[in-house]
Protein chains: 2
Amino acid sequence: MAVPDALDQYLKDHAGEFEDQLCQLLRIASVSTDPQYAPQVRQAAKWLVEHFEQLGLEAQLHETPGHPIVVARGPHVPGAPTVLVYGHYDVQPPDPLEEWISPPFEPTRRNGNLYARGATDDKGQMFTHIKAAEAWLRTTGSLPVNLIFLIEGEEEVGSQHLEPFVQQHRRELNCDCVVISDMCQFGPGQPAITYGLRGIAYYELVLRGPKQDLHSGTFGGAVTNPANVLVQLLASLVDEHGKVRVPEFYKDVRPISEKERTRLASLPFSEEEFYQQLGVTGGSGEQGFTVLERRWARPSFDINGLTAGYQGQGAKTVLPAVASAKFSFRLVPDQDPEAITAKLEQYLRSQLPPGVQMELKSYHGARAVLVDEDHPYVKAAAEAIARAFGTPPVFIREGGSVPIVLTFQEQFQVPVLLLGWGQNDDNTHSPNEKFSLADFHRGIRASAYLLDEIARTGG
Amino acid sequence: MAVPDALDQYLKDHAGEFEDQLCQLLRIASVSTDPQYAPQVRQAAKWLVEHFEQLGLEAQLHETPGHPIVVARGPHVPGAPTVLVYGHYDVQPPDPLEEWISPPFEPTRRNGNLYARGATDDKGQMFTHIKAAEAWLRTTGSLPVNLIFLIEGEEEVGSQHLEPFVQQHRRELNCDCVVISDMCQFGPGQPAITYGLRGIAYYELVLRGPKQDLHSGTFGGAVTNPANVLVQLLASLVDEHGKVRVPEFYKDVRPISEKERTRLASLPFSEEEFYQQLGVTGGSGEQGFTVLERRWARPSFDINGLTAGYQGQGAKTVLPAVASAKFSFRLVPDQDPEAITAKLEQYLRSQLPPGVQMELKSYHGARAVLVDEDHPYVKAAAEAIARAFGTPPVFIREGGSVPIVLTFQEQFQVPVLLLGWGQNDDNTHSPNEKFSLADFHRGIRASAYLLDEIARTGG
């Protein structure tokens, strides 16, 4: 089935209506982290269920111990592949309110953008796929593929109830690929397919020394200072070349292929501009790799928090009883967070001087994700995006982790297509969140084409 | 002049009265740091002026921009040396109140101790010298030496106005030696003369990276993390032997003489018990030195505070924009804090990677103090203590700094006799502060004998 001309016409004719509908959803303050917004979170879920039903999809609101999960399903298409679109209808809190130019829950068009909390993350991006389905249904009476929408309300608070839900409904949700639009393009006018995410291993290290804070004059030099030991241990985790020193840390690291290095190097990216935008004159990291390689395809070590002793104004001559740090490694394929935790603990303990006790808390670990760029569905997505955006997507990775992607990969063993319609400056999680209206409509078109491309690729 | 038998008798006869008078002074809640206690601080100063006047001393309350300074002066003794007794009438806040067994400002006798805020620090210790003068005056009608009392009300808040006061009144306060009782004996039944104090150089190091906190997934590995750099810089300040690595740090360090090492080693001190009391199984520090040498006669490095990134519960994947540390070196003769600051800043800057800005704030520096143990007044003090306590004092140092001691040394170029009557477990600055009543009376006797010994030694 080719994309009918009528579909393109339908998208054009209903562009304003689509925007108005998105504004309706954006007016619902579905802030998942704040219990006082619970009614609005539920209202957003219900709005979606009704909206899906109006389009002719079979939709259900599933209760969880937290916020509800919405599942909608298109008409059965025998022999066609099944596509699961994941998204979320919950949003970040809008604070600080006084920094918003227009109120966060009164969507406002300005400079070609739609400003509202959730405009890009993720109501706007998620909605493109619903409108794409609508266009197919309204112009052809059917969909090219079996289509499932899985829209949760707890993404901004850790998706706690999604994984068990997916496990429980594994059969109904089974699919041939997953599509997620909850990320960014590479830049304005440059769409992208994200084929890799880094993993993470996050820790808190607590060192306890004397039973109480001591006077650093009376005791300094004789009593092991937990803060002194903390900086020694943390400093020992990275060598002078920016390499992590934990034994066997690099054992399972998949090298970046020459092909990929060449492709990453050809991306329109200026290291100088990158640092300039962050307000620094330069950067540092693992030697022998470019900035993009270090952000996307190499592991890294970052201290996320330090706490010890006196932190107020002026001076206090205290030898602190306790010192602690939060830190994390970003992981790449095929590093295993659990294996790293064991080696890390052993390494740290081996360096501990007398007079301090060590506790290493492991917060969460997630493996990295890498989607095979040569998979036919990835090629299908590239084709759809090229047609909709007028320019082929670049292939990029992302340095952060999206745990739910790992869940889908593990549960269904299928490719996860990460197709971001957003921009890096969309102010996600910040005041004045926005979504480009042009990208909104291009996203709808790309999604509509994608269903066709996947149908043609087959299951 | 020898100590008349009548003086000893006077001390015995008036022991109870002395305690009652001290209790009067202890009932005045002269907490210098809290403005709401300002009337009580003034009341304590006035109480002292009246008390001195009743004893026949000429006393004055001097206003300062802060709390008043009390100066009292005994009758002129031609040809005799001048002794300046320094003390303070202000006290630490009593919090946490609920931990006091008896109320902090209702002095209570228990187990041979007097419990109250200020009992040992410093009202009780300071008062011994006043009672010693009283005993001389009441039994002989005069004093063996020219005696000046300089009692301030801001010791617990940094003695800000004392140094300018001493400079302004240099001529009236000029003396042949200074006596301070605001410290501890070596242990129960073991009086001590403290002949050395360490100096200090205190810093805050602030590292600034990107203009705002960043996501450690998206940016980790490419952006210099100020917290990572902070631990590297701090860790680089000490080598694997516990030696400070700042260039020329040890250049001016006066070695501990073999004689002193032998004497320190002969003190009744158990390293094992020391660590046990602090709740640790051992300690660490500069290799090649004992615990007492490291605490008293060798420089040390301690981190006093660490602050960076996320310090709350759980995990947050932040790459912090700022990281900072407070840290200090304890100094020994003849290290110069200013020279060290210059070398330190140079050393830290030399290691700074691109992407962070460094600010090094120097809070305060003080040189170490060492009193010549062979000075006749030191011998005089040893003799007085031996007679009063029934056992000769040991010679010790203290690891902390007492900036006012340096002021006296620099202003008057005279020996400062640090004669502590307190005990290490007196709970100075803590709930249930106490002072042994036996030590109180032995202190009075020692002070009375000291005046005689100094008079015999001459000016």
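Two residues are in contact if their C-beta atoms, placed from the backbone, lie within 7 Å. In this predicted model, Val178(B) touches Leu84(B), Tyr86(B), Phe408(B), Phe412(B), Val414(B), Val416(B) and Leu417(B), leaving aside residues up to four places away in sequence. The largest nonpolar core holds 275 residues. Within this core, Val178(A) and Val178(B) touch the most other members. In soluble globular proteins, nonpolar side chains tend to be buried together.

Strand E17 of chain A spans residues 416-420. Five of its five residues are buried, so the strand is largely enclosed by the rest of the structure. Val416(A), Leu418(A) and Gly420(A) point one way from E17(A). Leu417(A) and Leu419(A) point the other way. Strand E7 (residues 177-180) of chain A runs parallel to E17(A) and is joined to it by three bridges. Here Ile180(A) stands opposite Leu418(A). Strand E8 (residues 192-197) of chain A also pairs with E17(A), in the antiparallel sense and over three bridges. Thr194(A) has Leu418(A) as its bridge partner in E17(A).

Helix H8 (residues 226-235) of chain A has eight of its 10 residues buried, so the helix is largely enclosed by the rest of the structure. The buried residues are Pro226(A), Ala227(A), Asn228(A), Val229(A), Leu230(A), Val231(A), Leu233(A) and Leu234(A).

The contact between the chains involves 66 residues of chain B and 66 residues of chain A. On the side of chain B that touches chain A, several elements each supply at least two residues, among them strand E9 (199-208), helix H7 (216-219), helix H11 (291-296) and strand E14 (357-366). E11(B) gives the largest share, nine residues. By class, this side of chain B has 25 nonpolar, 31 polar and 10 charged residues. Strand pairing also links the chains: E11(A) and E11(B) are antiparallel and share five bridges. Leu306(A) has Ala308(B) as its bridge partner in E11(B).

Two helices of chain A, H13 (residues 376-389) and H15 (residues 437-457), pack at an angle of about 140 degrees. Their axes are 8 Å apart, and the crossing is right-handed. The residues of H13(A) in this contact include Pro376(A), Tyr377(A), Ala380(A), Ala384(A) and Phe389(A). Those of H15(A) include Arg442(A), Tyr449(A), Leu450(A) and Thr457(A). The contact has 12 nonpolar, one polar and five charged residues.

Phe440(A) is also found in helix H15 of chain A. This residue counts as buried because 23 C-beta neighbours lie inside 10 Å, where 20 or more are needed. Not counting residues up to four places away in sequence, Phe440(A) touches Gly124(A), Thr128(A) and Phe435(A). Phe440(A) and Thr128(A) are 312 residues apart along the chain, yet their C-alpha atoms are separated by 6.6 Å.

In chain B, three strands form an open antiparallel sheet in the order E4-E5-E18. E4 (108-110) and E18 (434-436) of chain B stand at the edges, each with a single partner strand, so one side of each is left without a neighbour in the sheet. The twist averages 30 degrees from one strand to the next. Three bridges join E5 (residues 113-115) of chain B to E18(B). One pairs Asn113(B) with Ser436(B). Helix H15 (residues 437-457) of chain B lies across E4, E5 and E18, at about 60 degrees to E18(B).

A cis peptide bond joins Asp95(B) and Pro96(B), with omega about -5 degrees. Pro96(B) is in the loop between E3 (82-88) and E4 of chain B. The bond from Pro333(B) to Asp334(B) is also cis, with omega near 0 degrees. Asp334(B) lies in the loop between E13 and H12 (337-350) of chain B. Ser159(A), which is not a glycine, has a positive phi near 50 degrees. Ser159(A) is in the loop between E6 (146-152) and H5 (162-168) of chain A, and is buried, with 21 other C-beta atoms within 10 Å. His429(B) has a positive phi of about 65 degrees. This residue is in the loop between E17 (416-420) and E18 of chain B. With 13 C-beta neighbours inside 10 Å, His429(B) counts as partly exposed.

Technical notes
Residues numbered from 1 in each chain as written. Chains lettered and ligands numbered in written order. Predicted model: local features only at pLDDT ≥ 70, side-chain atom pairs only at ≥ 80, totals over all residues. Axes fitted to C-alpha atoms, helices over the stretch in contact; angles between N-to-C directions. Helix = DSSP H or I, 4+ residues; strand = E, 2+ residues; numbered from the N terminus. Left-handed = near helix turned anticlockwise from the far one by under 90°. Nonpolar A, V, L, I, M, F, W, Y, C, P; charged D, E, K, R; others polar. Buried ≥ 20, exposed ≤ 12 C-beta atoms within 10 Å, placed from the backbone. Pairing = 2+ DSSP bridges. Core = buried A, V, L, I, M, F, W, Y, C linked by C-beta atoms within 7 Å.
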